[in-house]
Amino acid sequence: MAVAAACAVAAPGVAAAQPALPIPTDPQVVPGYEALAALAPTLLQAAEIDAANPQNEILARAKQLLDTAPLSPDAKRILSSIITFLDGSRGGGPEIPQDGPVIAQFLYPTVGRGCISPTADSVGAALAVPGPADLPPPGPAAGAAGFVFTALGTAPLADRQAAPLTANWVNVDTGRTGATVLTGAANINPDGPATLSAIADTGRGRVLAAISGSITTDAGITCSFLPTVGAFVVN
């Protein structure tokens with residue numbers, strides 16, 4: 001869904017359109033998909049990266065939808081989680097080091113059902129690091145970007161993954177696209193929580209990316225995360 005939205009951004013005259021996204025009937029998918037579909041026009045605008053703080057626009061739109069849109073209770077619960085993440089009322093995202101590399105946090109957290117235990121879900125946090133930078137190892141070069149995804153509260157990442165966690169991205173200035181699988185090869189947080197990373201040759205320009213898929217922990221749990229979207233510039 002996010003890659004299709006990104007392609008709309010890359011096409012002249014389409015970025016301002018209000019995409020009509022079909023809502024699937026699978027009860028395990030509908031809440032997250034419904035919330036993302038409602039936010040899709042705002043995510044497209046955020047991908048333009050013209051505003052100094054695109055999260056503010058997403059926050060305002062999410063609050064408006066929560067108050068006015070005819071969404072299901074589960075979709076409204078997910079929107080509430082996005083709002084509390086963006087406005088910092090529950091601590092927001094992880095702190096960004098002031099003297100480290102340029103880090104672009106993804107625009108909202110995602111959720112993996114049953115990732116901690118059969119009755120405990122995990123919040124997933126994603127970020128991108130435009131190169132050149134030292135992190136994530138071995139470090140993205142100029143014209144590339146690194147992705148890092150952490151499943152908070154989970155056991156360490158298993159050596160073997162049952163299914164991939166993938167960053168689907170598009171450079172909206174050049175039209176270059178890719179699907180980059182995140183792995184544990186960089187050995188980030190070896191004692192947990194489960195953390196995966198990858199480096200993508202995005203080229204220079206504005207990049208829109210969506211990370212989603214599954215992770216497997218050494219507790220023997222495989223779980224899936226709904227998409228989370230990020231927008232950043234690679235120089």
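How many salt bridges does the count come to? The count comes to 2 salt bridges. Keep in mind throughout that this is a predicted model.

**Stop 1: the salt bridges**

Select aspartate 173 and arginine 206. They form a salt bridge, and their closest N and O atoms are 2.8 Å apart. Aspartate 173 sits in the loop between β5 and β6, while arginine 206 belongs to strand β8; the pair links distant parts of the chain, 33 residues apart. Now check accessibility. Aspartate 173 has a relative accessible area of 45% and is partly exposed. Arginine 206, at 22%, is partly exposed.

Next, select aspartate 201 and arginine 176. Here the closest N and O atoms of the salt bridge are 3.4 Å apart. Aspartate 201 is in the loop between β7 and β8, and arginine 176 is in the loop between β5 and β6. This pair, too, links distant parts of the chain, 25 residues apart. Is aspartate 201 buried or exposed? With 54% relative accessibility, aspartate 201 counts as exposed, because the cut-off for exposed is over 50%. Arginine 176, at 37%, counts as partly exposed.

**Stop 2: the disulfide**

Select cysteine 115 and cysteine 223. The structure holds 1 disulfide, and these two cysteines form it, with sulfur atoms 1.7 Å apart. Show the torsion about the S-S bond. It is about 110 degrees, so the disulfide is right-handed. Cysteine 115 lies in strand β2 (residues 110-117) and cysteine 223 in strand β9, so the pair ties together parts that are 108 residues apart in sequence. Both cysteine 115 and cysteine 223 are buried.

**Stop 3: the nonpolar cores**

Select Phe147, Phe149, Leu182, Ile211, Ile215 and Phe232. In the largest nonpolar core, which has 26 residues, these touch the most other members. Color by element next: β3, β4, β5 (165-171), β7, β8 (205-216) and β9 (222-234) each give two or more residues to this core. Apart from it lies another core of 8 residues, including Leu107, Val172, Val229 and Ala231.

Zoom in on isoleucine 215. What does isoleucine 215 touch, not counting residues up to four places away in sequence? Its contacts are Ala151, Leu157, Gln161, Leu165, Ala194, Leu196, Ile221, Thr222, Cys223 and Phe225.

**Stop 4: backbone exceptions**

Most residues other than glycine have a negative phi, and most peptide bonds are trans. The next selections depart from that.

Select proline 137 and proline 138. A cis peptide bond joins them, with omega about 0 degrees. Proline 138 is in the loop between β3 (120-130) and β4 (145-151).

Move to glycine 192 and proline 193. The peptide bond from glycine 192 to proline 193 is cis, and omega is near 0 degrees. Proline 193 is located in the loop between β6 (177-182) and β7 (195-200).

Stay in that loop and select asparagine 187, which is found between β6 and β7. Asparagine 187 is not a glycine, yet has a positive phi of about 60 degrees. At 55% relative accessibility, asparagine 187 counts as exposed.

Last, select asparagine 189. It lies in the loop between β6 and β7. Its phi is positive, about 50 degrees, although asparagine 189 is not a glycine. Asparagine 189 counts as partly exposed, at 34% relative accessibility.

Technical notes. Residues numbered from 1 in each chain as written. Predicted model: local features only at pLDDT ≥ 70, side-chain atom pairs only at ≥ 80, totals over all residues. Heavy atoms only, no water. Helix = DSSP H or I, 4+ residues; strand = E, 2+ residues; numbered from the N terminus. Buried < 20%, exposed > 50% of the residue type's maximum accessible area, 1.4 Å probe, protein only. Core = buried A, V, L, I, M, F, W, Y, C linked by side-chain atoms within 4.5 Å. Contact = heavy atoms within 4.5 Å. Salt bridge = Lys/Arg side-chain N within 4 Å of Asp/Glu carboxyl O. Disulfide = S-S within 2.5 Å.
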